[in-house]
Amino acid sequence: MRFVIVGCGRVGSLLATRLSVQGHDVAIVDRDATAFRRLSPSFKGRKVEGVGFDRDVLVSAGIERADGFASVTSGDNTNVVSARIARHVFRVPKVVARIFDPRRAEIYRRLGIQTISSTSWGATRIAEILCHPGITVLMTVGNGEVSIVEVEVTAGLAGHRVNEITIPGESNVVALVRGGTATVPTLGTILQAGDTLQ
């Protein structure tokens, strides 16, 4: 796949390197050429110096053929303008913008731009760690209304069936890992100490 990333800071450089190592065609744009020093030596993509919302810069980065676009600069305004250009001018199918201000993130989400608010995500994740020790949040869905968590079965839960810990509309067991092998349990599956549930 082809990706264009605007912003070669910590997030952008790591994202670009990961996508490149996975074999994707990646172009990264930054207005400061020295920012490209953050890229790993394993990065095999293109480096394009320029402003991330300049049409000519985006064209030279290959946006006209891009399957995905991410704007992850340190500025919310730059990220939104770049993302809107990618979405509405170049019709890139997958567009993501990093937004620091959670209120802005929601507004832009309603405008059809998928956003990542590291501020909201970070606060939510810290609260989860503080309030729910022993439960690992693997991911959240939507705006964080649904969480996919991982929890180890303790001796107190061993011998119980999955249906005894299922609460319709609130919690469901969707996977069970036992002895390193994952399965989709039935409501009648009996839990064993050391099982991991998701």
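Here is a quick briefing on the fold, the charges and a few residues of this chain. What you're looking at is a predicted model, where local features need pLDDT of at least 70 and side-chain atom pairs count only at pLDDT 80 or more, while totals for chains, interfaces and linings use all residues. Numbering runs from 1 along each chain as its sequence is written, and side-chain values use heavy atoms, with hydrogens and water left out.

**Overall build**

- The chain has 5 helices and 11 strands; these are DSSP runs numbered from the N terminus, with helices (H or I) of at least four residues and strands (E) of at least two.
- With a radius of gyration of 21 Å, well over the 16 Å from the globule rule for 198 residues, the chain is more spread out than a compact globule. That radius is taken over C-alpha atoms, and the rule is 2.2 Å times the number of residues to the power 0.38.
- Along the principal axes, the C-alpha atoms fill a box of roughly 65 × 35 × 30 Å.
- Of the 198 residues, 35% are buried (buried is under 20% relative accessible area, exposed is over 50%, partly exposed is in between, with a 1.4 Å probe and protein chains only).
- Carbon and sulfur atoms own 56% of the accessible surface, which totals about 11700 Å² (Shrake-Rupley method, 1.4 Å probe; for residues, only the protein chains shown count as cover).
- Take contacts between residues at least 6 apart in sequence: 43% of them join residues at least 24 apart (a contact is heavy atoms within 4.5 Å).

**Charges and salt bridges**

- There are 23 positive and 18 negative side chains, and the centres of the two sets sit 5 Å apart. Lys and Arg count as positive, Asp and Glu as negative, with His and the chain ends not counted; each charge is placed at NZ of Lys, CZ of Arg, CG of Asp or CD of Glu.
- The structure holds 4 salt bridges (a side-chain nitrogen of Lys or Arg within 4 Å of a carboxyl oxygen of Asp or Glu).
- One of them pairs Asp 76 with Arg 104, closest N and O atoms 3.8 Å apart. Asp 76 is in helix H3 (residues 76-89) and Arg 104 in helix H4 (residues 102-110), so the bridge ties together parts 28 residues apart in sequence. Asp 76 is buried at 10% relative accessible area, and Arg 104 is partly exposed at 29%.
- Another joins Asp 101 and Arg 103, with 3.5 Å between the closest N and O atoms. Here Asp 101 is partly exposed at 22%, whereas Arg 103 is exposed at 66%.
- Asp 195 and Arg 178 also pair up, at 2.6 Å from N to O. Asp 195 is in the loop between strand E10 (181-183) and strand E11 (196-197), and Arg 178 is in strand E9 (residues 176-178), 17 residues away.

**Two residues in strand E5**

- Val 96 is in strand E5 (residues 94-98) and is partly exposed, at 27% relative accessibility.
- Leaving out residues up to four places away in sequence, Val 96 touches Phe 69, Ala 70, Ser 71, Gln 114 and Ile 116.
- Arg 98, also found in strand E5, is buried yet has no salt bridge; Asp 76, the nearest side chain of opposite charge, is 6.7 Å away.
- Beyond four places in sequence, the residues Arg 98 touches include Val 11, Val 72, Asp 76, Asn 79 and Ser 118.
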